[in-house]
Amino acid sequence: MKKLLLHPAAKPVVFAACLLPFIWLFYSALSNQLGANPAEALIRATGDWTLRFLCVVLAVTPLRVISNTPALARFRRMLGLFVYFYVLVHLLSYSWFDMGFDVADIVKDIIKRPFILVGFAAFLLLTPLAATSFNAAIRKLGAKRWQMLHKLVYLIAGLGLLHFFWMRSGKNDFAEVSVYAAILAVLLGWRVWQRWGRRKASAGPRPVPATRLP
């Protein structure tokens, strides 16, 4: 498994696999296979894939640690950029098909509808993460500041889930929301547990006070 992950072809294969949902959606749109409301289907599908890739990105570190497979880390940056790619396609689909690229109407809609406001906030927070996902940015920011900035992904995950929840609340359909909530709870809970374990280990046992002899 480790040899496969380190193979020169591994990254191109993962890249191609990550593009498959977009290719399928593009083909379905061209061949009129997105149903009675193709615009809505495209907007929702790209939003779903954004959330799925976000879960995949957050799963990399737990899988790397639990399976003792450091090579998994080499795919995390690419997967993170695919999160941004799909959220960008999601936003463009909404701006084009729903709003006709009318900036004034888009701004009004964002302000008026909380679930769109939350989703747009997640997009804005994700933008600096995508912009700094390069070695030059890490060197310029410094590793510590870069790591602090990229911890925003946890807030983004929460906002993305809230956006999905509010969007589905209109139809009182929370089945998929529950699945994503459970996945994110496990992935974020694992990180809390790991941090708590490290702090406990670093604290160590308390020294026993010396007993004075009479």
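Colleague: Glu176 first. How accessible is Glu176, and what does that count as?

Modeller: This is a predicted model. In it, Glu176 has 30% relative accessibility and counts as partly exposed.

Colleague: Which side chain does Glu176 meet in a salt bridge?

Modeller: Arg168, at 3.1 Å from N to O.

Colleague: Is Arg168 buried or exposed?

Modeller: Buried, with a relative accessible area of 9%. The cut-off for buried is under 20%.

Colleague: Which residues make up the network there?

Modeller: Arg168, Asp173 and Glu176. Salt bridges with shared partners join them into one network.

Colleague: How many salt bridges turn up in the whole structure?

Modeller: The search finds 4. One of them pairs Arg113 with Asp109, with the closest N and O atoms 2.9 Å apart.

Colleague: Where do Glu40 and Arg44 sit relative to each other?

Modeller: Both are in helix α3, 4 residues apart, so about one helical turn separates them. Glu40 is partly exposed, with a relative accessible area of 30%. Arg44 is partly exposed too, at 26% relative accessibility.

Colleague: Why can such side chains pair at all?

Modeller: Opposite charges can pair when the charged atoms come close.

Colleague: Switching to pockets. What is the volume of the largest pocket?

Modeller: About 980 Å³. Its lining has 34 residues, and Thr61, Arg76, His150, Val153 and Tyr154 lie nearest the centre.

Colleague: Which elements give two or more residues to that lining?

Modeller: α3 (38–66), α4 (76–98), α6 (114–131), α8 (143–150), α9 (152–169) and α10 (175–203).

Colleague: How does the lining of the largest pocket split by class?

Modeller: 19 nonpolar, 6 polar and 9 charged residues.

Colleague: Now the second largest pocket. What volume?

Modeller: About 650 Å³. It is lined by 30 residues, and Ile43, Gly47, His90, Phe115 and His163 are the closest to its centre.

Colleague: Which elements give two or more residues there?

Modeller: α3, α4, α6 and α9. The largest share of the lining comes from α3, with 9 residues.

Key:
Residues are numbered from 1 along each chain as its sequence is written. This is a predicted model: local features need pLDDT of at least 70, side-chain atom pairs count only at pLDDT 80 or more; totals for chains, interfaces and linings use all residues. Side-chain values use heavy atoms; hydrogens and water are left out. On a 1 Å grid over the protein atoms alone, a cavity is a set of points where a 1.4 Å probe fits but cannot get out, and a pocket is an open set with protein on both sides within 12 Å along at least five of seven lines; lining residues have an atom within 4 Å of a point. Grid points are joined across faces, edges and corners, and a volume is the space filled by probe spheres set on the points. Ala, Val, Leu, Ile, Met, Phe, Trp, Tyr, Cys and Pro count as nonpolar, Asp, Glu, Lys and Arg as charged, and the others, Gly among them, as polar. Buried means under 20% relative accessible area, exposed over 50%, partly exposed in between (1.4 Å probe, protein chains only).
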